[in-house]
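Please look at the two chains shown below together with the report that follows.

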Amino acid sequence: MKFSHILPILFITLFSASCSTDNDDDLIINELENLIKVQNLVNDTHTIEVYTKSGSFYTGYNAVSLRIVDNTSKSYIENASINWMPVMQMPTMQHSCPKSDVLKTTNKKTLYDGYIIYQMTNTDGSGWSLTINYTIDGITYVVTDTITVLQSKLQNVSSFQGSDNKRYVIAIIEPTKPIIGINNLVVGLYSMETMMSFPEVENYSLALDPRMPGMSNHSSPNNTDLTYSSTDSMYHADLSLTMTGYWVLNLKLVDAEYTVLKGEDVTETNTQSSLYLELEF
Amino acid sequence: MKKLIVLILGIIYSGVSYGQQSDVIIKKDTTQLDEIIVLGNRNLSNYRQEKTLSSIDNYLEKSNRVTMIKRGNYAWEPTLNNMTSERLNVTIDGMQIFGACTDKMDPITSYVDVSNLKQVTINFGQEGTENGHNIGGAIDLQMPESKFNHSGLKSSVDLGYESNGNYKTCGLELEYSTNKFYLNTDGIYRKSDNYNAGENKEVPFSQFEKFNISTQAGYKLSNNHSLDANIIYDKATDIGYPALPMDVSLAEAIITSVTHNYKSNLSYITSWESKLYFNTITHIMDDSKRPDVPIRMDMPGWSDTYGFYSKLKFTANKHQFQFNLNGFYNRSLAEMTMYPNDSNQPSMFMYTWPDVRTLYSGLYIRDNYTLSDAESISTSVRFGFHNNTIAKDEGLESLKIFYPDLTNSKHRFLTSVASNYHLEKENYHLSLGLGYGERATSVSEGYGFFLYNNFDNFDYIGNPTLKNEKSFEANMKANYLFGNFKIGLESSYFHIRDYIVGEIDASLSPMTIGANGVKIYTALDYASIFDIYLNSSYLLSKTLSINASVGYNYGKGSNNEPLPLIKPFSYLAELNYNTTNFNAALQLEGNGNQSQYSSFYGENETPSYGILNLNFGNIFYLKTNKLVLKYGVENILDRYYSTYADWNNIARQGRNFYINTSFVFN
């Protein structure tokens, strides 16, 4: 815990020693609190610094922060508009994944942020590239580079086909630090419109049944089903976890017409839904 | 003043007390008759205390209205008037101390030994609120008083052996006293293998090993002031619980106190005693010795208590007043870690007692008013302030799963009132009493989180919103003496409002593998508990006597279901022979068929049983030294049986030959 606080500070100390001192040190430290650089994406004019909390990309939900440095003046660009396109190259085709828009981070000067949900990766972390298109003062720039996406230990994202023959991606967003107690569960649900477009799915619902397979698959009380919130375009529920350990969140996806698209109830004979996410703490 | 049973315990150690004890042994049946003279202060049926080195549990069990719930061969849980720990107030010399086990595997009677104590005082119902609130009664394990008796150095050695379980006991005591100073130190060690039930059936996981050392020292500051300090260290290891799925690898207690005694020159102040105390308990439950469990787990628990009391007694005209101002602060924490069979999964953790802090302070006042030579009325009240706080956020969040609006703190005010009328004549005595009392929830009832009870095979969830449990009680006791024949009747009735009990919540999924479901602590509108005992004794000659006792108990809730752990019809008959240096007794004891069992609370019917015991005692004098011998056979017929109080019907001991020897050196 302490280490993750110290690491970015260490990093920044090194970083600021090697580049321009135009920026206030305090500001830099404050801006990058709890963020670790994943990599730089460099073109002739700018360097895009990519940050996450862990310093890596993993399959599942990734909150991503960006900064644009002018290669000549070494100053941070604070007025860019950005969009991005992660792409995975498969043997016969390529596809993207669910992602948000990139917006200026509130209360920060130099940071932009958004999220990307990688639904898969190759075992060695290869296959993905990230293209960033950005516009500064009316001029459009682009930068592309390969990125490494590591496989998460747990299934925090699932890509599946519903009974309506559409493909969907579902990913757990919160809780990032589960507690024993009632957690605010946030899940993103996206439909695969095309290989490159994954819009948010609205107004469906997901039945939630958390279970512990290590303890004869017991459940927990007072969970609620996941319902859509138009505020953040995500699905929210109360998830109660009675103890630490490995939990399977069994889900059943129901569309606005109450048709079950994916997943089954957990019973004595069916210990797990075909649609589930995993969680461990 | 009241129904008060004083149980004289292991006074085995000092020469002076040896004298007293042998008197007791010799005068067994006369002590019975003495009951009439010592009004409301009768000695426990001494005729049933055959072993000097018995555990406290054994001693308690000899009382008529105490039943010990057995989960194994160690750490039995006392019940009074068919009520268990949470409805009782169990103290060590007035000190509050709370077990650290969520599954009641460590009643506090298991953290002291006979070598630490002088006597056990048992009060029933609201007569027992001197040290704290209760519903069923109070047990106070009393330590010896100061001994500034200028007797120099004394020592004693005790050795005991029992054939069943290869049970060995040894004890040593040293005592030194002058007029201004005394030091008393003792140690006792007990070890037993698995015992055999009747018909030579071994009961696996019934072993235990423990030792206990204590030191008490006192210094007389002046004629009026003296200070005493006491420390008890008790450590039990490798304790098997055959009735439970887990054993205990460590149960350890440190119990310390400093006491100030003031003796006034003023005649109306009888005594003034103040004490500061601290005790800490560590209890480690584990299942590492069990060959086959669904999942491995550790369940450690801790309980620390800090407290004080100040007791003042004084007399004014026909009034005898007694005050006790006391308070304590307890911390109870227990956790559970389970290790999944799939080693890729992380261990599973929860707080089963979420670091609950209990703060209590209260005042007790009693007045014993003498109406006439034969009549008196005693009245007592206790008021208390009680607060529970959940100290761990994780624990509060856990409980919020069930109680979303829960806050971390809860206050309660507790009240208790009792009044007794006594009539004492040459040939009979009578006492009638009424009482009202309240109690707060126990830590488990209020804050327990998935506590597995293998009695009914349910997980239990505490309920912090429970109201105080309230009891209205009435009791009577009468003794009549017709020449050599004595007959006594005692009875009590409790009407308990908001009776706390677990209720099935079918919507909840049990945590424990294989459990039937989850129960949440809730309150029945009321429950009724009734008991009646008829005791009689007949003196055949100066040396030969017969005692007999029968009892009937009844308990039912407002849901019309019988309450669990209600004693069925019970009986005891005994033939005693006593001379100055020898005694012998033949006992028959048993229970009737448990027809009023509570299947609703997971009980099954326990069949009737009867067993025979035979015991002997001798005293030999060698100059100033003394040797006391106690020996006998328990369960002579080697009956295979269990009683209603045996957890999951584990069988009791089969035939057992025992011998206890005590050497006293003056």
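## Strand pairing in chain A

Met88(A) stands opposite Trp128(A), a residue of strand 9 of chain A, where strands are DSSP runs of E with at least two residues and helices are DSSP runs of H or I with at least four residues, both numbered from the N terminus. Strand 5 (residues 81-89) and strand 9 (residues 128-136) of chain A run antiparallel to one another and are paired over eight bridges, pairing being assigned when DSSP finds at least two bridges between two strands. This is a predicted model, in which local features need pLDDT of at least 70 and side-chain atom pairs count only at pLDDT 80 or more, while totals for chains, interfaces and linings use all residues. Residues are numbered from 1 along each chain as its sequence is written, and chains are lettered from A and ligands numbered from 1 in the order in which they are written.

## A loop residue in chain A

Lys109(A) is found in the loop that connects strand 7 (103-104) with strand 8 (112-118) of chain A. Because 15 other C-beta atoms lie within 10 Å, Lys109(A) is partly exposed; with C-beta atoms placed from the backbone, a residue is called buried at 20 or more other C-beta atoms within 10 Å of its own, exposed at 12 or fewer, and partly exposed in between. Between the C-alpha atoms of Lys109(A) and Thr131(A), which are 22 residues apart along the chain, the separation is 23 Å.

## Domains of chain A

Chain A is assigned domain 1 (2-150) and domain 2 (157-280), with bounds that come from an automatic or database domain assignment. Twelve residues of domain 1 are in contact with eleven residues of domain 2 in chain A, contact meaning that the C-beta atoms of two residues, placed from the backbone, lie within 7 Å. On the side of domain 1 that touches domain 2, strand 4 (60-70) and strand 6 of chain A each supply at least two residues.

## Overall form and strands of chain B

Chain B contains five helices and 34 strands. Its radius of gyration is 24 Å, close to the 26 Å that the globule rule gives for 666 residues, so chain B is as compact as a globular protein of that length; the radius is taken over C-alpha atoms, and the rule is 2.2 Å times the number of residues to the power 0.38. The C-alpha trace of chain B spans about 70 × 60 × 50 Å along its principal axes, and 48% of the 666 residues in chain B are buried.

In chain B, strand 20 is joined to strand 21 (residues 375-390) by 15 bridges in an antiparallel arrangement, and a hairpin of four residues connects the two strands. Leu363(B) has Phe383(B), in strand 21 of chain B, as its bridge partner. Strand 21 also pairs in the antiparallel sense with strand 22 (residues 409-424) of chain B, over 15 bridges, and there Ile377(B) has Tyr421(B) of strand 22 as its bridge partner.

## Contact between the chains

Where chains A and B meet, 24 residues of chain B are in contact with 19 residues of chain A. Strand 20 (348-370) and helix 4 (393-400) of chain B each supply at least two residues of the chain B side, and the largest share, four residues, comes from helix 4 of chain B.
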